[in-house]
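Subject: Handover of a structure for your review

Dear colleague,

Please find below the structure that I am passing on to you.

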Amino acid sequence: MPLLEVEKLTVRFGGLTAVSDFSFHADAGALVALIGPNGAGKTTAFNIITGIYAPTSGSVRFDSHEIGGASPHRICALGVGRTFQNIRLFRSLSALENVRTALIGTQRSGLRDVVRGGRWLRREAELEARGRSLLARLGLERMADVRADSLPYGEQRRLEIARALASDPRLLLLDEPAAGMNPSEKDALCALVAGLRDELGLTIVLIDHDVGFVMNLCERVTVLDHGEKIAEGPPDAVRRDPRVIEAYLGTGEAA
């Protein structure tokens, strides 16, 4: 069974159909992508999977659990993490504080943890160590005490991924992770994402407008256009698909 399975998903906002009869899956350990022109419905699909929107119809299953319409908190607790197209860091907090905040949000604590000072101190030490470990994994260990809004743009993107990993997800959704990066930053991000998949055993689904970045990184690519799936398969086959070429360029060859 796929770890994530979207079946006949339709999402309507009033008279607008953002996603229509969309089916998609990601097997455990896969590294796959959703691509398409602006307004194709990619981020809407992510928002349905993570509980920000409820589907109008259709099914979303994660590890055999139906999660369509479930709360973001429940979906996160099941093992789904994500980043956002627009960076959503706590800009006045340091990199480490951003990650620690995410770690705290995924843990349960009670009054006894506060009252019993020794346990509280141990917990704080554990959060600090875990936060620094996540920053190191993303190559941000030297930036632990730097304010998020003082980080270079590419490192802010990495910090968002570190924060998403704080919930120990099995499925990681990356929305435009390479947006705003220069070519060398994109190359480094490509290696980073592939390494996270291999080292942590993650299933990763990403959206990105950089077709070259996606084609070099992902094993399977699904293409949306005006809310409908128009192509799916290995990168080389999708790149040559006439419907994909037309959706992106109108004529000519896909980049």
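**Surroundings of S94**

Setting aside neighbours within four places in sequence, S94 is in contact with A144, D145, V146, R147 and A148, where contact means heavy atoms within 4.5 Å. S94 belongs to the loop between β6 (80–82) and α3 (95–105); helices (H or I, at least four residues) and strands (E, at least two) are DSSP runs, numbered from the N terminus. With a relative accessibility of 9%, S94 counts as buried, a term that means under 20% relative accessible area, with exposed over 50% and partly exposed in between (1.4 Å probe, protein chains only).

Please note that this is a predicted model, in which local features need pLDDT of at least 70 and side-chain atom pairs count only at pLDDT 80 or more, while totals for chains, interfaces and linings use all residues. Residues are numbered from 1 along each chain as its sequence is written, and side-chain values use heavy atoms, with hydrogens and water left out.

**Strands and hairpins**

Strand β1 (residues 4–13) runs antiparallel to strand β2 (residues 16–26), and 7 bridges join them. Within this pair, L9 has F22 as its bridge partner. The two strands form a hairpin with 2 residues between them, and G14 in the turn has a positive phi of about 65 degrees. β1 also pairs with strand β4 (residues 57–62) over 5 bridges, in the antiparallel sense, and here E7 stands opposite S59.

Strand β9 (residues 220–225) and strand β10 (residues 228–233) are likewise antiparallel, with 5 bridges. V221 stands opposite G233 of β10. This hairpin has 2 residues between the strands, and H226 takes a positive phi near 50 degrees.

**Buried helix and nonpolar cores**

Helix α1 (residues 42–49) is largely enclosed by the rest of the structure, because 7 of its 8 residues are buried. Among them are F46, I48 and I49. Just after α1, G51 takes a positive phi of about 85 degrees.

The largest nonpolar core has 47 residues, of which L159 and L206 touch the most other members. Such a core is a set of buried Ala, Val, Leu, Ile, Met, Phe, Trp, Tyr and Cys residues joined through side-chain atoms within 4.5 Å. Apart from neighbours within four places in sequence, L159 is in contact with L89, A95, N98, V99, L135, L140, A148 and L151. A second, separate core of 28 residues includes I67, A70, I75 and L224.

**Second largest pocket**

The lining of the second largest pocket comprises 13 residues, of which D168, P169, R170, L200 and L202 lie nearest its centre. A pocket is an open set of points on a 1 Å grid over the protein atoms alone, where a 1.4 Å probe fits, with protein on both sides within 12 Å along at least five of seven lines; lining residues have an atom within 4 Å of a point. Helix α5 (residues 117–137) supplies the largest share of this lining, 3 residues.

M1 is found in the segment before β1 and, at 80% relative accessibility, counts as exposed.

Yours sincerely

Note on methods: Pairing = 2+ DSSP bridges.
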